[in-house]
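I set out to record what I looked up in this structure, entry by entry.

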Amino acid sequence: MGKGEDVTAAPQAVVMRGIAKQFGGVRALAGVDFEVEAGEVHALLGGNGAGKSTILKVLNGVHAPDAGTIEICGQRITHPSPEAARQAGVAMIFQEMSLVPSLSVAQNVFLTRETKTGLGLIDDRTAEKKARALFEMLEVDVNPRALVADLGAGQRQLTEIVKAISQEARVLVLDEPSTALSVSDVERLFTFLRKLKDRGVAIIYVSHRMDEIARIADRATILRDGRHVITAPLSELPIDTMIEHIVGKRSRGLSDVAREQVEIGEPLLELVSVSGRHKPCDVSLTVHRGEVVGLAGLLGSGRSSLARVIAGIEPSTAGEIKVAGTPIEIRSPRDAIGARIALVPEARATQGIIATHSVAANLSMAVLDRVSSSGVVSRRAVEEVADHQIERLAIKTASRDHAVGTLSGGNQQKVVIGKWLAADPDILVLDEPTAGIDIGSKSEIIRLVRELARAGKAIVMISSELSELLTACDRILVMSEGRAVSSFARHDLDDPDLPADDTMHQLQSAEQKLQFHIQEALKHQGVRHVHQR
Amino acid sequence: MIFAIFALTLNDKGFLNPNNLLNIVRQTAMIAVMAIAMTFVLSSGEIDLSVGAVAGLASVTAAMAIAAGGIFFGVAAGLATGIAVGVFNGLLTTRIGIPSFLTTLAMMGIAKGVAMWISGTAAVPIINPGYSWLFGGGSIGIVPVLLLWMLGLGAVGHFVLKRTTFGRRVLATGGGETAARYSGIDTSSVKFRVLVISSMAAALAGMLYAGRLQSGRFQLGEGDELSVIAAAVLGGTSLFGGYGTVIGTIVGALMIGLINNGLILMGLEFSQQLIARGGIIILAVALSQKRN
């Protein structure tokens with residue numbers, strides 16, 4: 001790689017040179033070079049607004065570049081369009097998956113290219129056979145007859161990739177593919193990607209999860225502020241160096257978040273044997289003033305359901321919820337807000353924000369009664385609430401009147417958090433508050449969680465990234481199949497053999513222990529099932 | 001633009017005559033009254049197809065009640081008709097979860113049927129000059145009372161949508177129902193209320209029709225739902241919820257009124273009017289969608 005290009009080698013999968021793109025007055029890309037070899041997994045990294053999605057959209061033909069050249073598999077793209085990119089072999093696997101849930105796997109794979117019988121009718125049986133052969137060849141375990149609606153997130157993603165490969169894709173773009181996947185699904189995805197790599201497919205992998213990048217990628221390209229920072233083999237890029245390049249400053253990673261002792265006060269939120277309609281099941285939990293309790297567990301372990309029960313979105317069917325010692329009944333989100341409970345939900349786009357409405361409208365949504373008198377909204381009060389949260393959380397927006405949908409993911413999440421901080425809750429439940437946002441905003445949010453604990457709030461935090469839980473929480477509850485299985489004080493997970501100030505290694509060791517407990521929980525659950533029968 | 005086209009092509013037929021323009025206002029007021037409420041319904045992500053039929057029904061109940069017990073009884077009966085239909089629409093939509101599209105489509109038939117049944121398909125005359133003056137026929141100087149109804153309700157609607165917590169909740173419900181619910185907004189109650197408001201506005205429009213024509217008939221308001229929805233969408237209200245403006249809606253209603261009036265003055269037959277009106281509305285709405 002580098003300068004001395006070998007003329008005899010097969011053409012590179014992607015060669016983009018000097019790509020520039022401007023949106024209105026904003027320069028998204030300033031002459032970026034991006035090259036991907038056939039048969040490699042190439043990580044594309046950068047913070048929100050670094051230009052990752054723009055360069056991918058240029059590659060994908062959605063945006064025409066203002067300057068620069070694009071070559072895909074040796075073929076110069078002169079008139080960029082999504083169709084031209086697809087013909088050249090680029091396939092993009094989106095975060096929001098593009099399968100039709102009501103059709104079968106086989107029907108989806110061959111959608112718009114259906115196998116026809118002699119009479120011109122659709123021949124589902126042959127399509128199914130072809131799909132079965134395809135899945136077998138690629139060693140993917142998905143039933144072609146199954147309805148996509150019945151598949152898990154992991155299987156859907158594999159189906160989507162198989163569909164792309166069946167259309168002769170040579171360059172596969174995966175944008176945050178693991179967000180919705182469980183640990184074992186990610187494992188399966190990685191195995192599959194390695195296989196595709198061996199078949200000479202070039203894979204561009206975008207993720208905010210550094211541990212995944214370290215495991216799957218061969219090389220990485222890092223962008224910052226629309227510029228190319230570095231392209232290097234992963235072996236030359238330790239995680240700390242990567243983060244440094246992404247953030248642009250030293251030491252803003254997780255290991256930097258201060259974990260000073262906070263005075264733990266009286267119990268604020270108490271759950272006594274709380275059950276939901278399906279999950280959670282018989283969960284007891286106490287969160288004190290100034291304490292952050294983490295919920296760990298796999299996808300579907302009932303963590304989010306528990307959060308929704310606390311916030312009044314799902315009904316509790318048994319048990320008792322006490323706030324500051326008083327039993328209360330929470331039948332709606334309004335009741336929860338009345339009890340000064342707030343939930344930052346997991347699905348930002350649907351549950352958190354109204355994308356078409358302004359930042360100010362979103363920030364004031366949960367406190368409409370406070371910014372109004374006898375039903376008439378005071379514009380000034382709304383502006384005050386909005387400006388206060390924009391400043392406090394350093395939300396990057398051109399103005400409070402801009403639509404939230406135009407902000408980056410990290411800033412959208414800050415709007416959701418700001419909406420709830422405006423309500424000044426005593427009890428804050430955060431469900432995957434850092435999902436899909438860049439590492440800089442991530443540590444900002446974790447820092448904020450600690451700050452809120454210091455200010456005397458009781459906090460429940462859900463995260464699939466154990467390092468975050470370990471950084472933010474004082475206590476961690478492991479959940480499995482709706483039940484709270486085990487509970488650990490954060491310091492119990494410390495390794496006495498390691499120096500206490502070696503935060504990075506302490507974190508790694510604690511992460512391993514916690515991972516072990518999550519897996520253990522799963523085993524015990526299996527045993528209990530046997531006993532119950 | 002539509003105004004300009006008609007002004008040029010129909011100049012010699014009296015389009016710009018002040019009397020004709022006031023006439024347009026008189027004809028448009030009922031559409032505007034219903035469209036103001038429809039702005040709330042659409043903004044909340046729902047739709048109400050029953051407005052035209054409810055207007056007809058309310059004109060009949062109001063006329064019958066006036067005959068039986070005078071003006072106050074008549075007005076109360078008309079509004080009660082609207083409230084009853086609205087509560088019915090609202091409960092079916094929010095409690096049972098039938099989409100408002102279907103609830104109100106069915107209600108369109110029910111309301112029309114009831115109106116035909118109780119009136120024996122005959123016009124019910126209103127012999128009450130006070131009522132006729134207040135609800136449609138009267139004017140103060142040259143200002144028609146209908147214009148005042150339209151502007152008064154428009155001002156109230158604009159204020160409520162833009163400046164009150166209820167308006168914010170309506171827009172939030174239509175903009176992102178889940179996010180609104182998670183934020184503590186009772187989205188069912190919001191939808192219930194906009195549907196009741198819509199039916200009440202439709203009942204009022206029916207009473208205005210009745211006052212203007214001095215009789216209640218089941219045909220009054222027939223087919224108005226298209227004009228009403230088109231007026232709101234022309235004015236910039238989103239068919240998908242989350243955005244709406246009452247001022248835009250009133251402008252939209254006036255445009256619809258211009259179209260209707262212009263087509264009549266052009267001397268088109270009723271059948272031709274229907275075709276032309278449908279085409280123009282589709283074109284205009286398509287243009288306003290594209291702009292968004």
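Entry 1, chain B as a whole. I looked up the contacts in chain B between residues at least 6 apart in sequence and found that 77% of them join residues at least 24 apart. Two residues are in contact if their C-beta atoms, placed from the backbone, lie within 7 Å. The model is a predicted one, in which local features need pLDDT of at least 70 and side-chain atom pairs count only at pLDDT 80 or more, whereas totals for chains, interfaces and linings use all residues. Residues are numbered from 1 along each chain as its sequence is written, and chains are lettered from A and ligands numbered from 1 in the order in which they are written.

I noted 12 helices and 4 strands in chain B; helices (H or I, at least four residues) and strands (E, at least two) are DSSP runs, numbered from the N terminus. The radius of gyration of chain B is 19 Å, close to the 19 Å of the globule rule for 292 residues, so chain B is as compact as a globular protein of that length. This radius is taken over C-alpha atoms, and the rule is 2.2 Å times the number of residues to the power 0.38. Of the 292 residues in chain B, 54% are buried. A residue is buried if 20 or more other C-beta atoms lie within 10 Å of its own, exposed if 12 or fewer, and partly exposed in between, with C-beta atoms placed from the backbone.

Entry 2, helix H7 of chain B. How many of the residues of helix H7 (residues 165-175) of chain B are buried? I found 11 of the 11 to be buried, so the helix is largely enclosed by the rest of the structure. Its buried residues pack against strand S17 (372-373) and S18 of chain A, together with helices H2 (18-43), H6 (145-163), H8 (177-182) and H9 (187-213) of chain B.

I then took the pair H6(B) and H7(B), whose axes come within 5 Å and cross at roughly 70 degrees. Axes are lines fitted to C-alpha atoms, for helices over the stretch in contact, and angles run from 0 to 180 degrees between N-to-C directions. H6(B) contributes B:Val160, B:Leu161, B:Lys162 and B:Arg163 to the contact, and H7(B) contributes B:Phe166, B:Gly167 and B:Val170.

Chain A supplies 23 residues and chain B 18 residues. On the side of chain A, helix H10 (333-338), helix H11 (348-352) and strand S18 (376-377) each supply at least two residues.

I traced an open sheet of 6 strands in the order S16-S19-S20-S13-S21-S22, with mixed pairing; two strands pair if DSSP finds at least two bridges between them. Strands S16 (341-344) and S22 (483-489) of chain A stand at the edges with a single partner strand each, so one side of each has no neighbour in the sheet. Strands S13 (residues 292-296) and S20 (residues 458-462) of chain A pair in the parallel sense over 4 bridges, and A:Gly294 stands opposite A:Met461 in S20(A).

A:Val201 is found in the loop between helix H6 (183-198) and strand S8 (202-206) of chain A. I found A:Val201 buried, with 23 other C-beta atoms within 10 Å.
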